[in-house]
Amino acid sequence: MASESHDDPDRDKWGPWLQHHFETPVQQFESAKLGMWLFLAQEVLFFAGLFVAYGVYRVNYPEAFVAGSAQLNRVMGGINTCVLLVSSFTAAMAVRSAQSDKRRHTSMFLGATIVCAFMFLVIKYFEYEAKFEHGLLPGNHFHPTVLANQTLAHIQPWIAGQETVTALPPKTHVFFGIYFVLTGLHGIHVAVGIGVLIWILLRNQRGDFNKDYWTPVDIAALYWHLVDLVWIYLFPLLYLI
Amino acid sequence: MADHSDHDIPDDGGVHVHVHSPKFYGGILSALLFLTCLTVASSYVDIDGLVALGRPVEGVGAWNLGVAILIATTKASLVVLFFMHLKEDKRFNALVFVGAILFAGVFFALTLGDTATRGLTGDRYNGVTIDPDTGLRAPGGVPGPIVGEVLEEGLAVAPPDGAALFTAICGACHTIGGGVLVGPDLAGVTSRRTEAWLLSFISSSQTMIASGDETAVALFEQFNRTPMPDVAYSEAQIRAVLAHIETVGGSATAAPGGEAVEDIVDAILGDDTEEPVDEPPADTFIEDILNDGEEPVVVEELAPPEPTPDPVR
């Protein structure tokens, strides 16, 4: 069969993008998709470990988690969430443009996705800077300076008897350990995603894609959507509750 | 990948997909942004309080958590089904992804099922370190006392290890002969203070300070009002720590030679009459605290303030 398809004149009607070990574009496309979904499944399990760690320590030190999450800026976190959602939209639109053989639009939407990704990292940088300033660092480096006159009441007014906080609860450094590892690992995924998207953008500019072959755009967008998915869960767990 | 909707799909081996309109994707984005606003807004509302008729809840309750996760899952579903096209994709890809989520769920459920229910069983051996039947420490277990352990009377346990007890808690802030750390250098402390005072101060320094004990208050002021946390050691354990301090730190620096040795002997043997061991006279009090084995510091006494005249009636 394989030698037949090598000589099969029909193969020539597809471009050089149809790799020799695939018989048809559909086969190539479906293989690529399956490969990507398997990778995404691994990513889900990868982050699941950290989410379970979050769960365990939350059960053990609930007051530390409440106090720790009150130190995070919901507005910045909320803006970051919207930035990533918009970037998911532009990524889906990039795939759509590639599917519709609109090369310029594809580049535009990929560019927009990259810009959103950078915005996310910039906002994250400011968030981290605020944490460093206040000494809210993980583990042994936790030396908070946010104590005086801070109230949790305006955020979670129903916390019984805690109108004014004069000291963060013990084990709050555990919350920040988990915060930095989770958001840091997610941030690394965003950075890698930027690299991948830039590569796909360059390939698109080079004219690698056409109406029959836009698989890499689809695959890269799938990775990017997963980065968004992780943040959709990170945001409420770390910032809101 | 082909979708079996409106038009005929040419069977030429090429990839044919249903291309959604920009409006469609825009609609999904709008829904996602709306749900984001919803989840942020709901985090400011005490849903547990509403549900449980205003009962005050410590920390964040289950309903807020539940609503947050529900909204997050809705958003995630929208992204997965429509942005990632899983709805139109081959069933096997969906199986792979959903399978991963299910396994993550098992991981989560079983781990938290353990963590959240620790100590809740009626198993008489659950969480014990002393065998309830024989009163002996669990076989193959800890060689010395467990820090902070409250021992019941009559249980057969090893005598407290003063060095280990010191390292476990005291060593964080005190040295013995190594200078001031966070709290004072404890070398010779058993000659400076009575055993009763030390037992009380170590157990709860803040209680002593609150009750107005002069020495305790002066120490508190001297060390920048850094509170010494209450030490949950039994009397026997504290005595073991003090004995360890004497072994390592030797005699006090205030009195030279034989007098100091006598003081130590008195301290070790314990004083039945609870007589204070050579309490320093009041006017060298501050200097003694400041000394701690280093260059003697002399504190000049301030001239007493002018007596205020009686108010004119």
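Biologist: What makes helix 1 of chain B roughly antiparallel to helix 3 of chain B?

Modeller: In this predicted model, the two axes cross at roughly 170°. Angles over 145 degrees count as roughly antiparallel. Therefore helix 1 of chain B is roughly antiparallel to helix 3 of chain B. Their axes also come within 10 Å.

Biologist: Which residues of helix 1 of chain B meet helix 3 of chain B?

Modeller: From helix 1, they include F24(B), I28(B), L32(B), L35(B) and T39(B). Helix 3 answers with residues including V67(B), I71(B), K75(B), L78(B) and F82(B). Contact here means heavy atoms within 4.5 Å. By class, this helix pair has 15 nonpolar, 5 polar and 1 charged residues in contact.

Biologist: Why is the pair K33(A) and D89(B) called a salt bridge?

Modeller: The N to O distance between these side chains is 3.8 Å. The rule asks for a Lys or Arg nitrogen within 4 Å of an Asp or Glu carboxyl oxygen, so the pair qualifies.

Biologist: What makes E30(A) and K90(B) a salt bridge?

Modeller: Their side chains meet at 3.7 Å, N to O. The cut-off is 4 Å, so this pair qualifies. The pair crosses between chains. E30(A) sits in helix 2 (residues 25–60) of chain A, and K90(B) in the loop between helix 3 and helix 4 of chain B.

Biologist: How many salt bridges does the rule find across the interface of chain B and chain A?

Modeller: The rule finds 2 there. Over all chains the count comes to 10. Between chain B and chain A there are also 6 residue pairs in polar contact.

Biologist: Which helix of chain B gives the most to the side that touches chain A?

Modeller: Helix 4 of chain B, with 13 residues. Helix 1 (22–42), helix 3 (62–83) and helix 4 (91–115) of chain B each supply at least two residues. That side divides into 36 nonpolar, 15 polar and 6 charged residues.

Biologist: How much area is buried between chain B and chain A?

Modeller: About 5,000 Å², of which carbon and sulfur atoms give 78%. The contact takes 57 residues from chain B and 57 residues from chain A.

Technical notes
Residues numbered from 1 in each chain as written. Chains lettered and ligands numbered in written order. Predicted model: local features only at pLDDT ≥ 70, side-chain atom pairs only at ≥ 80, totals over all residues. Heavy atoms only, no water. Buried area = accessible area lost by both parts, 1.4 Å probe. Polar contact = N/O pair within 3.5 Å; in protein donor to acceptor, adjacent residues only side chain to side chain. Helix = DSSP H or I, 4+ residues; strand = E, 2+ residues; numbered from the N terminus. Nonpolar A, V, L, I, M, F, W, Y, C, P; charged D, E, K, R; others polar. Axes fitted to C-alpha atoms, helices over the stretch in contact; angles between N-to-C directions. Parallel < 35°, antiparallel > 145°, perpendicular 65-115°, else oblique.
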